[in-house]
Amino acid sequence: MYRDARRIPTIQTDNISEQRLLEKIRQLLPEQVLQVEGFIDSLYQQNLDDGIILAAAKLSEPVLHRIWDNPDDAEYDQLGIW
């Protein structure tokens with residue numbers, strides 16, 4: 001029923017949720033509709049930012065592995081301090 005671990009509903013559920021939201025939005029004052037739109041925009045931007053952060057982390061993995069996996073640090077790994 002869900003697409004991924006973030007629990008995004010499937011299309012069937014999306015349609016029902018969309019209709020409920022549209023009905024609620026139609027009952028708001030114009031100023032409130034603008035606030036809802038601003039909130040949606042901020043959520044969208046947050047998702048974009050999260051995607052950029054994840055992509056940057058993935059791109060840095062090979063470099064970090066080279067830095068961390070070296071003979072000098074291997075000696076510290078053997079100490080079991082961490």
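The protein chain contains three helices and zero strands. Followed along the sequence, the elements give the pattern α-α-α. Helix H1 covers residues 11-26, helix H2 covers residues 30-68, and helix H3 covers residues 71-79.

Confidence was examined for the chain and for its elements. The mean pLDDT of the protein chain is 82, and 82% of its residues reach 70 or more. Among the elements, H2 has the highest mean pLDDT, at 91, while helix H3 has the lowest, at 73. Where pLDDT is low, the predicted coordinates should not be read in detail.

The surface was considered next. The protein chain has 82 residues, of which 0% count as buried. Its accessible surface is about 7,800 Å², and carbon and sulfur atoms account for 61% of this area. Part of the surface is a nonpolar patch of about 370 Å², made by Val63, Leu64, Ile67 and Trp68. Of these residues, Val63 is located in helix H2. Val63 has a relative accessibility of 39% and therefore counts as partly exposed, since the partly exposed class lies between the buried limit of under 20% and the exposed limit of over 50%.

Two salt bridges are present in the structure. One of them joins the side chains of Arg26 and Glu23, with an N to O distance of 2.9 Å. Both residues belong to helix H1, where Arg26 and Glu23 are three residues apart, or about one turn of the helix. Arg26 is exposed, with a relative accessible area of 55%, whereas Glu23, at 40%, is partly exposed. The two residues fall into separate classes because exposed requires over 50%.

The other salt bridge is formed between the side chains of Glu61 and Lys58, at 3.7 Å from N to O. This distance meets the salt-bridge criterion of within 4 Å. Glu61 and Lys58 both lie in helix H2, and their spacing is again three residues, about one turn of the helix. Glu61 has a relative accessible area of 35% and is partly exposed.

Definitions and conventions: Residues numbered from 1 in each chain as written. Predicted model: local features only at pLDDT ≥ 70, side-chain atom pairs only at ≥ 80, totals over all residues. Heavy atoms only, no water. Helix = DSSP H or I, 4+ residues; strand = E, 2+ residues; numbered from the N terminus. Buried < 20%, exposed > 50% of the residue type's maximum accessible area, 1.4 Å probe, protein only. Areas by Shrake-Rupley, 256 points an atom, 1.4 Å probe, with all protein chains shown as cover. Patch = residues over 30% accessible without salt bridge, like charges linked within 9 Å, V, L, I, M, F, W, Y side chains within 5 Å. pLDDT = per-residue confidence, 0-100.
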